[in-house]
Amino acid sequence: MLFILLFGIVSMFSDMTKESAESIRGALFSLMGASAATIGLVSGLGELIGYSLRFVSGRFADRTRKYWPIVIAGYFLELITIPALALVGENGWIAASVLLVVQKFGKAIKKPAKDTVVSFAASQEGAGKAFGLQELLDQFGAVLGPLLLYVIMLFKTDGSTFERYSFCFLALAVPAIVTLVLLIITRLNFPNPEQFEPDVKEYKPLRAGKRFVLYIIGISLFAFGFLDYSLVTMHVNRAYSDLIPADVLPLLYSAAMLVDAAAALLFGYLYDKWGMKVLVFSALVAAPFCFPVFLGHSVASLVIGVVMWGVGMGAQESILKAAVTDMTPKSARATGFGVFSLVFGVAWFLGSWTLGALYDVSLPLMATVSAACQLMAIPFYILSSSKRFS
């Protein structure tokens with residue numbers, strides 16, 4: 001549990017950096033002149049690279065067992081790209097896009113190895129509870145970070161909106177450095193986390209069973225329909241400018257992260273008791289979030305939609321990982337996380353691109369496609385929990 005908590009604190013400061021950037025990145029891209037389709041394409045491409053390369057990283061981690069070097073290298077590459085956005089010029093959306101892709105590449109390197117070492121500790125505490133607690137601490141950082149940006153923007157009143165955003169990205173160097181220092185401290189205290197689960201033997205290739213395949217189909221449908229938050233911030237910046245000032249965008253994201261944190265912890269505990277039924281419930285709650293966000297035009301409808309989006313994120317970060325832990329053999333678990341990430345990333349890329357393009361065509365159609373795909377995942381969740389396919 002101490003290892004889970006320490007890694008959770010590392011993730012907290014990491015998320016202070018990453019999610020703060022996420023809270024204003026869509027608006028920054030819009031100020032740079034990027035269209036909705038472009039933002040959707042770049043966001044989706046970043047997720048495609050970030051998720052698909054996790055398959056390679058996962059197999060490498062399983063074969064070499066060099067978990068710590070992989071995790072540290074990935075964190076370093078992921079975090080240094082965010083303050084670097086402060087150096088991008090006012091028309092530099094192409095350079096900003098490259099930095100976004102590099103950030104996701106760093107995340108691809110570290111994520112399977114990180115999830116795997118946490119899963120070793122989770123074997124002693126319960127997968128749902130462990131990943132739920134991880135996400136709770138993650139989201140504390142995701143709440144504190146945007147709040148920090150809000151305070152910075154309150155005092156940084158000189159200059160254009162673009163210049164204020166650039167200063168915010170520069171300030172994110174501080175939690176990025178703290179993350180790396182805490183990561184080294186965790187490494188020094190727990191040099192061999194694989195010993196939490198001593199029955200992990202030599203590497204054996206992953207052989208996916210029917211349950212895992214059905215589950216992968218379900219999460220790919222979910223990923224296709226689950227809209228990236230960059231499109232939400234872009235839409236709020238465009239359509240809600242008369243209701244929501246630019247400096248309030250980080251607060252809105254903080255609200256989403258608070259919901260994410262509470263949902264992740266709750267769903268994680270419930271998953272250990274009731275399994276996939278909890279994922280089905282979360283999908284029913286989160287699927288229609290696009291309707292109040294994109295078709296409404298009031299603060300109330302926006303908040304409702306963002307809360308629903310937060311529920312979906314909470315489920316994604318706790319239950320989805322816990323299910324992978326339960327469905328894959330211990331000796332090839334990083335590969336299992338890699339397969340999960342590969343499929344999830346391809347689906348998210350295609351979905352983000354498609355939904356971003358639909359944004360410019362028809363908001364009702366975009367919202368309908370988003371909700372329909374997430375709801376279509378439910379039968380596959382149910383089938384993957386069936387004893388017939390065990």
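E78 is buried, with a relative accessible area of 0%; buried means under 20% relative accessible area, exposed over 50%, and partly exposed in between (1.4 Å probe, protein chains only). The model is predicted, so local features need pLDDT of at least 70 and side-chain atom pairs count only at pLDDT 80 or more, while totals for chains, interfaces and linings use all residues. Residues are numbered from 1 along each chain as its sequence is written, and side-chain values use heavy atoms, with hydrogens and water left out.

The side chain of E78 meets that of K18 in a salt bridge, at 3.4 Å from N to O. A salt bridge is a side-chain nitrogen of Lys or Arg within 4 Å of a carboxyl oxygen of Asp or Glu. K18 belongs to helix α1 (residues 2-31) and E78 to helix α3 (residues 67-80), so the pair ties together parts that are 60 residues apart in sequence. Helices are DSSP runs (H or I, at least four residues), numbered from the N terminus. K18 also counts as buried, at 9% relative accessibility.

In total, the structure holds 6 salt bridges. Side chains of opposite charge can pair when their charged atoms come close. R25 and E22 form one of these bridges, at 2.9 Å from N to O. Both residues lie in helix α1, 3 residues apart, about one turn of the helix. R25 and E22 are both buried.

Another bridge joins D115 and K111, at 3.7 Å from N to O. These two residues are 4 apart in helix α4 (residues 93-125), so about one helical turn separates them. D115 is buried, with a relative accessible area of 5%. K111 is buried too, at 7% relative accessibility. Salt bridges that share partners join D15, K18, E78 and K110 into one network.

Helix α15 spans residues 363-376. Its 14 residues reach 20 Å from the first C-alpha to the last, close to the 20 Å expected at 1.5 Å a residue. The expected span is 1.5 Å times one less than the number of residues. Within α15, M366, A367, S370, A371, C373 and Q374 are buried. Seen down the axis, the buried residues of α15 fall within an arc of 160°, so they line one face of the helix. The arc is that of the directions from the helix axis to the C-beta atoms. What covers these buried residues includes α8 (210-225), α11 (277-286) and α14 (333-359). Contact here means heavy atoms within 4.5 Å. At the start of α15, a side-chain oxygen of S362 reaches to within 3.2 Å of the backbone nitrogen of L365.

Terms used:
A polar contact is a pair of N or O atoms within 3.5 Å; within protein, one must be able to donate a hydrogen and the other to accept it, and residues adjacent in sequence count only if both atoms are side-chain atoms.
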